[in-house]
Amino acid sequence: MLDYFYNLITLLAFLSLLTLSLNIITGYIGYLNLGHVGFWAFGAYTFAILTFSGVNFLLAMLAAGIIAGITGFILGLPTLRLKSHFIAIVSLGFLYITYSLIINLDGITRGPLGIAGIPRPSLFGYDFQDNFSLMLLTLTISAICGFILYRVLHSPFGKVLETIREDEIAAKALGKNTYMYKLQAFILSAFFAGIAGALSASYFNYIGPGGFGIHQEIFFVAALMVGGAGSYWGSFLGTAIILSIEEISRFAPLAPNLVGPIRAIIYALILICVMLWRPNGILGKKLKF
């Protein structure tokens with residue numbers, strides 16, 4: 001029972017970090033990003049490959065964030081010149097490109113087989129092999145990342161992002177280079193998604209293409225919309241609610257082949273209900289997509 005609790009807290013920690021990193025683009029700028037899971041995948045695969053090459057945990061995790069951030073820069077450079085609804089379409093295309101790369105670059109990613117046996121972290125001579133120690137490590141790293149993002153999003157930089165969301169023309173009139181602010185936000189969002197990817201790869205000991213599809217993207221979009229896009233704490237609340245629903249469905253008396261489709265239906269219904277009766281989410285702010 002305790003191991004299940006430790007695993008649940010570990011999941012909540014890095015999934016909340018992923019939702020929060022998505023919130024930078026969707027909540028604080030107001031652009032619907034449907035390819036965020038792609039950054040997660042780049043981080044996870046970078047971490048796994050480097051770990052098997054003998055790179056230590058912290059360096060591999062930092063490299064995962066950097067590679068994901070570079071990917072965010074490459075994607076954001078042309079994409080952020082488009083209107084918001086076109087950004088959603090392009091980001092969705094990026095997600096499918098990432099999935100295709102994972103499948104076809106089998107010499108690097110092992111294709112459909114995925115990468116198994118990813119070792120648990122080892123720091124300063126201590127091996128985080130048991131679930132309790134891994135939970136503490138994941139919580140600590142996620143809390144540090146969350147604190148950094150809190151400071152960034154509540155700084156003048158974060159206020160400019162909110163101004164861009166509300167009225168980009170007004171932000172330009174104030175002398176702000178809105179394109180550069182959006183690009184920096186995109187890189188920041190991708191970087192922390194990559195960090196979360198490293199944490200998830202270390203936790204699951206396995207990564208494969210099945211974990212980085214549109215169904216995962218729906219999970220994070222649902223979590224963000226329920227908690228409230230544009231709200232720092234809404235990212236954590238929404239992730240906790242959606243993860244709780246997912247765990248409850250795990251114990252429902254259903255055939256195994258029905259669990260996945262029913263979860264997808266539940267997420268869709270939640271999104272519909274939120275959009276109809278509380279479009280800003282529980283803690284969120286009004287957005288304009």
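**Contacts and packing**

Q: Which residues does G238 touch, if we don't count residues up to four places away in sequence?
A: In this predicted model, G238 touches A223 and G227, once residues up to four places away in sequence are not counted.

Q: Where is G238 placed, and is G238 buried or exposed?
A: G238 is placed in helix 11, and because its relative accessibility is 0%, G238 counts as buried.

Q: How many residues apart in sequence are G238 and M225, and what is their distance in space?
A: G238 and M225 are 13 residues apart in sequence, and C-alpha to C-alpha they are 7.3 Å apart in space.

Q: Back to A223, then: which helix is A223 in, and what does A223 touch?
A: A223 has its place in helix 10, which spans residues 214-227. Not counting residues up to four places away in sequence, A223 touches T19, G234, G238, T239 and I242. At 0% relative accessibility, A223 counts as buried.

Q: What separates the C-alpha atoms of A223 and Y45?
A: The C-alpha atoms of A223 and Y45 are separated by 24 Å, and the two residues are 178 residues apart along the chain.

Q: And S235, where does S235 lie and which residues is S235 in contact with?
A: S235 lies in helix 11, which covers residues 232-250, and S235 is buried, with a relative accessible area of 0%. Leaving aside neighbours within four places in sequence, S235 is in contact with T19, L20, N23 and L224.

Q: Changing topic to helix 1 and helix 9: at what angle do their axes cross?
A: The axes of helix 1 (residues 2-26) and helix 9 come within 8 Å and cross at roughly 165°. Helix 1 and helix 9 are therefore roughly antiparallel to each other, and helix 1 passes helix 9 in a left-handed crossing. By class, this contact of helix 1 with helix 9 has 17 nonpolar, five polar and no charged residues.

Q: Which residues meet there?
A: From helix 1, the residues are N7, T10, L11, F14, L17, L18, S21, L22, I24 and I25, and they meet A185, F186, L188, S189, F192, A193, I195, A196, L199, S200, Y203 and F204 in helix 9.

Q: What about helix 1 and helix 6, at what angle do they pack?
A: Helix 1 and helix 6 pack at an angle of about 20°, with their axes 9 Å apart. They are therefore roughly parallel to each other, and their crossing is left-handed. The helix 1 side of the contact is made by D3, Y6, N7, I9, T10, A13, F14, L17, L20 and I24, while helix 6 provides N131, F132, M135, T138, L139, S142, C145, G146, L149 and L153. By class, the contact of helix 1 with helix 6 has 13 nonpolar, six polar and one charged residues.

Q: Helix 7 next: which of its residues are buried, and what do they pack against?
A: In helix 7 (residues 156-166), the buried residues are F157, G158, V160, L161, E162, I164 and R165. These buried residues pack against helix 6 (131-153), helix 8 (168-173) and helix 9.

Q: How many residues are in the largest nonpolar core, and which have the most contacts inside it?
A: The largest nonpolar core has 76 residues, and F47, I207 and F212 are those with the most contacts inside it. Helix 9 (residues 178-204) gives the most to this core, with 14 residues.

Q: What does F212 touch?
A: Not counting residues up to four places away in sequence, F212 touches V37, W40, A41, A44, Y45, L95, Y99, I102 and I207.

Q: One more topic, backbone angles: what is phi of R110, and where does R110 lie?
A: Phi of R110 is near 65°, a positive value in a residue other than glycine. R110 lies in the loop between helix 5 (106-109) and strand 1 (115-116), and R110 is partly exposed, with a relative accessible area of 42%.

Q: And N205, what is its phi and in which loop is N205 found?
A: Phi of N205 is near 65°, again a positive value in a residue other than glycine. N205 is found in the loop between helix 9 and strand 4 (206-207), and with a relative accessible area of 23%, N205 is partly exposed.

Definitions and conventions:
Residues are numbered from 1 along each chain as its sequence is written. This is a predicted model: local features need pLDDT of at least 70, side-chain atom pairs count only at pLDDT 80 or more; totals for chains, interfaces and linings use all residues. Side-chain values use heavy atoms; hydrogens and water are left out. A nonpolar core is a set of buried Ala, Val, Leu, Ile, Met, Phe, Trp, Tyr and Cys residues joined through side-chain atoms within 4.5 Å. Buried means under 20% relative accessible area, exposed over 50%, partly exposed in between (1.4 Å probe, protein chains only). Helices (H or I, at least four residues) and strands (E, at least two) are DSSP runs, numbered from the N terminus. Contact means heavy atoms within 4.5 Å. Axes are lines fitted to C-alpha atoms, for helices over the stretch in contact, and angles run from 0 to 180 degrees between N-to-C directions. Angles under 35 degrees count as roughly parallel, over 145 as roughly antiparallel, 65 to 115 as roughly perpendicular and the rest as oblique. A crossing is left-handed if the near helix is turned anticlockwise from the far one by less than a right angle, and right-handed if clockwise. Ala, Val, Leu, Ile, Met, Phe, Trp, Tyr, Cys and Pro count as nonpolar, Asp, Glu, Lys and Arg as charged, and the others, Gly among them, as polar.
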